[in-house]
Amino acid sequence: MYIIIILAVFIAIFILVGIIQAKKRAKNTSCQKCKTRYDYDSDVSWREVSRRNVNGNGGSYYIMSKVEFDCMCHKCGTEKTFTKDFKVYSYNAQSDKAESYDLETLVKKYFA
């Protein structure tokens, strides 16, 4: 019985975190004044401002890239600036597996 309750709590937390992330993404990818979704090609410019290593367990690590976005709504002209971290590299020491991720592709997906 307790296992079912604990499982239900974990599922609820997982769903809540997903909802919060989706709301934040929607807030970042659309104009706060007129609610128009930014057009990536014409409304968004971005630049990588920093990279940092994040150490994991047992020699694993990943690299995060901080990106600064400048957005201007094509409908009302409102400007917005924000930053977001993207994982651009990960290394799993247990499996000796490394993966890199193209930053431009990650950024485009974020606005898709």
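User: How much accessible surface does the protein chain have, and what share belongs to carbon and sulfur atoms?
Analyst: In this predicted model, the accessible surface of the protein chain comes to about 8200 Å², and 57% of that area belongs to carbon and sulfur atoms.

User: And what percentage of the residues count as buried?
Analyst: Of the 112 residues in the protein chain, 24% count as buried.

User: What about the radius of gyration, against a compact globule of 112 residues?
Analyst: The protein chain has a radius of gyration of 18 Å, whereas a compact globule of 112 residues would have one near 13 Å. Along the principal axes, the C-alpha trace spans about 50 × 40 × 15 Å.

User: Which elements make up the chain, and in what order do they run?
Analyst: There are three helices and four strands in the protein chain, and from the N terminus on they are arranged as α-α-β-β-β-β-α.

User: Switching to charges: how far apart are the mean positions of the positive and negative ones?
Analyst: The protein chain carries 18 positive and 12 negative charges, and their mean positions are 9 Å apart.

User: Now serine 30, where does it lie?
Analyst: Serine 30 is in the loop that lies between α1 (2-28) and α2 (40-43).

User: Is that serine 30 buried or exposed?
Analyst: Serine 30 counts as buried because its relative accessible area is 13%, which is under the 20% cut-off.

User: Which residues is serine 30 in contact with, leaving aside its neighbours within four places?
Analyst: With those neighbours left aside, serine 30 is in contact with Lys35, Thr36, Arg37 and Tyr38, and also with Lys80.

User: On to the cysteines, how many disulfides does the count give?
Analyst: The count comes to zero disulfides, where a pair of cysteine sulfur atoms would have to lie within 2.5 Å. Cysteine 73 is in no disulfide, and the nearest cysteine sulfur, that of cysteine 34, is 3.6 Å away.

Note on methods:
Residues are numbered from 1 along each chain as its sequence is written. This is a predicted model: local features need pLDDT of at least 70, side-chain atom pairs count only at pLDDT 80 or more; totals for chains, interfaces and linings use all residues. Side-chain values use heavy atoms; hydrogens and water are left out. Helices (H or I, at least four residues) and strands (E, at least two) are DSSP runs, numbered from the N terminus. The radius of gyration is taken over C-alpha atoms; the globule rule is 2.2 Å times the number of residues to the power 0.38. Buried means under 20% relative accessible area, exposed over 50%, partly exposed in between (1.4 Å probe, protein chains only). Accessible areas come from the Shrake-Rupley method with a 1.4 Å probe; for residues, only the protein chains shown count as cover. Lys and Arg count as positive and Asp and Glu as negative; His and the chain ends are not counted. The place of a charge is taken as NZ of Lys, CZ of Arg, CG of Asp or CD of Glu. Contact means heavy atoms within 4.5 Å.
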